[in-house]
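Here are some notes for a colleague who is opening this model for the first time. Please read them with the structure in view.

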Amino acid sequence: EEGLRRARDEMPDIVLLDVMMPKMDGIAVAKALREDPKTAEMPIIMLTAKAQAADIHAGREVGVDVYVTKPFDPLELIETVKELIG
């Protein structure tokens, strides 16, 4: 909930979410961001250990731009961020 509020208030260049978060999971946060006209175009990366096909599908269905599973290569993540905000 706090992350969603801060994204709406601070309008960051990009949002990184985890599926497993307290109170609101990352899928719910991504969906809320996409449904809000103010944040609908904000790039979203889901960075999570949830790697099953159903999890990835759920992320893509709500509009996550990139779904990255753990473990991940930090340099590849940096390049992905650069591509999305560049």
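1. Val-66 belongs to strand S3, residues 66-69; helices (H or I, at least four residues) and strands (E, at least two) are DSSP runs numbered from the N terminus. This is a predicted model, in which local features need pLDDT of at least 70, side-chain atom pairs count only at pLDDT 80 or more, and totals for chains, interfaces and linings use all residues. Residues are numbered from 1 along each chain as its sequence is written, and side-chain values use heavy atoms, with hydrogens and water left out.

2. Val-66 is partly exposed because its relative accessibility is 23%; buried means under 20% relative accessible area, exposed over 50%, and partly exposed in between (1.4 Å probe, protein chains only). Apart from neighbours within four places in sequence, Val-66 has contacts (heavy atoms within 4.5 Å) with Ile-44, Ile-45, Met-46, Thr-80 and Leu-84.

3. Helix H3 (residues 53-62) has Asp-55, Gly-59 and Val-62 buried. These residues lie on the same side of H3, because they cover an arc of only 75° around the axis, taken from the directions from the helix axis to the C-beta atoms. The buried residues of H3 pack against S3 and helix H2 (26-35). On the face turned away from that buried side are the exposed residues Ala-53, Ala-54, Arg-60 and Glu-61.

4. In the contact between H1 and H2, Leu-4, Ala-7 and Arg-8 of H1 meet Val-29, Ala-32 and Leu-33 of H2.
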